[in-house]
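Visitor: I am new to this structure. Please pick one part and take me through it closely, step by step.

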Amino acid sequence: MRYIEPHGHMVSRTTDDYQAMVAAGCAAVCEPAFWAGFDRGSADGFRDYFRQLTVYEPARAAKFLLPHFCWLCLNPKEAEDLTLAADVLEMIPEFLEKPNVLGIGEIGLNRNTRNELKVLERHVELAVKHNQLILVHTPHLEDKKKGTRLIVDVLRAHRGVSPGRVIVDHVEEHTIQSVLDEGFWAGITLYPDSKSSPPRAVDMLEICGRDRIWLNSACDWGVSDPLAVPKTAFEMRRRGYSAEFVDEVLYRNPVRFLSQSPKFVLGESSVG
Amino acid sequence: MPTSRTPRPPDHLPLEGHVQAIVDTGFVPVRAKLLEVAAFLDRVERYGVATDFRCDALREAAKILVDGGPERARRILEKLSDPTTEPEATSSGKAALGAWQPFVK
């Protein structure tokens with residue numbers, strides 16, 4: 001079995017996780033910029049983080065023969081400070097030409113505030129200006145439905161946004177269809193306690209179809225499982241889905257989306 | 001590529017002829033989760049915190065489980081969601097709480 005981990009915060013994970021993922025068939029990992037668990041004190045903190053994502057972490061992954069790609073942004077959890085956000089947004093273009101940078105993400109909303117919306121709009125403008133793919137984080141728990149609607153409104157309002165170049169991540173049963181109906185890609189995140197479980201993810205595939213959907217673990221420093229994607233393959237097989245179906249959802253789908261960036265090249269990748 | 005789709009039951013499920021496996025493999029894990037819900041509701045009463053808005057929301061959401069309607073997961077998620085539409089003026093904190101509490105923000 002082969003799969004792509006399209007959303008993993010590997011700077012928070014151990015080398016054991018890299019080994020386990022590769023052993024399970026992971027062919028590439030993509031790492032969106034994320035909140036560190038505390039607010040960074042200055043733009044320089046982000047500069048160091050972006051260097052980690054574009055230089056150090058791909059080298060660490062390469063030791064385990066795993067291609068590593070990343071996305072850059074200021075995470076919505078830190079978007080309340082508009083001055084800091086402006087400084088970070090100004091810095092991001094310095095890193096966009098790095099060979100493993102796929103686009104802008106994970107941008108979006110956390111608590112659905114006006115400041116978060118302003119910073120989201122500026123990130124979208126930056127992505128359009130630099131012709132970058134967009135990866136969107138939708139809010140947690142009770143904030144997800146409202147936040148998803150606000151995010152979709154921002155994306156639809158910008159004439160330069162091509163929906164097929166945007167993945168709206170962390171969808172659940174109450175948001176997935178609206179995201180797909182607008183022409184965006186949808187990401188289903190597999191978490192032990194929140195977001196989706198493997199059985200619910202397969203339910204959503206059965207109800208909404210498998211087009212324009214990827215699955216990810218979003219593994220980070222919190223409660224999460226870096227092997228959640230291959231474990232969902234087991235749920236698919238247990239329900240009788242073919243190995244080809246599993247490959248389509250867990251490998252070919254993310255490759256289709258990510259290959260819209262010319263930098264996403266895998267040695268043996270083939271969407272076929 | 002289509003840009004608009006309507007949720008629908010799939011025409012074909014792969015376990016055709018073996019659908020009993022859905023229950024055989026799924027029942028015991030889900031039975032355990034239902035017992036966790038029951039034990040949690042007993043526990044919050046025993047500790048005198050059953051009036052927390054999240055416990056109220058959980059009890060309300062649980063009614064959907066047995067109302068006979070479809071799309072229970074979607075409807076429970078919506079029941080627990082913030083129903084407002086305007087952005088918040090300020091953030092009430094980094095973390096969501098799991099159920100919407102009117103006027104808390």
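Guide: Two strands pair if DSSP finds at least two bridges between them. Keep that rule in mind for strand β2 of chain A, residues 26-32. The model is a predicted one.

Take one neighbour of the strand to begin with. β2(A) pairs with strand β3 of chain A, residues 68-72. Four bridges link them, and the sense is parallel. One bridge can be picked out by residue: A:E31 has A:C70 in β3(A) as its partner. How does the chain get from β2(A) to β3(A)? It passes through helix α2 of chain A, residues 43-62. This β-α-β crossover is right-handed.

Now take strand β1 of chain A, residues 3-5. Three bridges join β1(A) to β2(A), and these two strands also run parallel. The chain goes from β1(A) to β2(A) by way of helix α1 of chain A, residues 15-24. That β-α-β crossover is right-handed.

So is β2(A) buried or exposed? A residue counts as buried if 20 or more other C-beta atoms lie within 10 Å of its own. In β2(A), seven of the seven residues are buried, so the strand is largely enclosed by the rest of the structure.

To put the strand in its setting, look at the contact between the chains. Chain A gives 34 residues to it and chain B gives 32. On the chain B side, helix α3 of chain B, residues 72-79, supplies the largest share, four residues. By class, that side has 15 nonpolar, 11 polar and six charged residues.

Notes. Residues are numbered from 1 along each chain as its sequence is written. Chains are lettered from A and ligands numbered from 1 in the order in which they are written. This is a predicted model: local features need pLDDT of at least 70, side-chain atom pairs count only at pLDDT 80 or more; totals for chains, interfaces and linings use all residues. A residue is buried if 20 or more other C-beta atoms lie within 10 Å of its own, exposed if 12 or fewer, and partly exposed in between; C-beta atoms are placed from the backbone. A crossover is right-handed if, with the strands pointing away from the viewer, the path from the first strand over the helix to the second runs clockwise. Two residues are in contact if their C-beta atoms, placed from the backbone, lie within 7 Å. Ala, Val, Leu, Ile, Met, Phe, Trp, Tyr, Cys and Pro count as nonpolar, Asp, Glu, Lys and Arg as charged, and the others, Gly among them, as polar.
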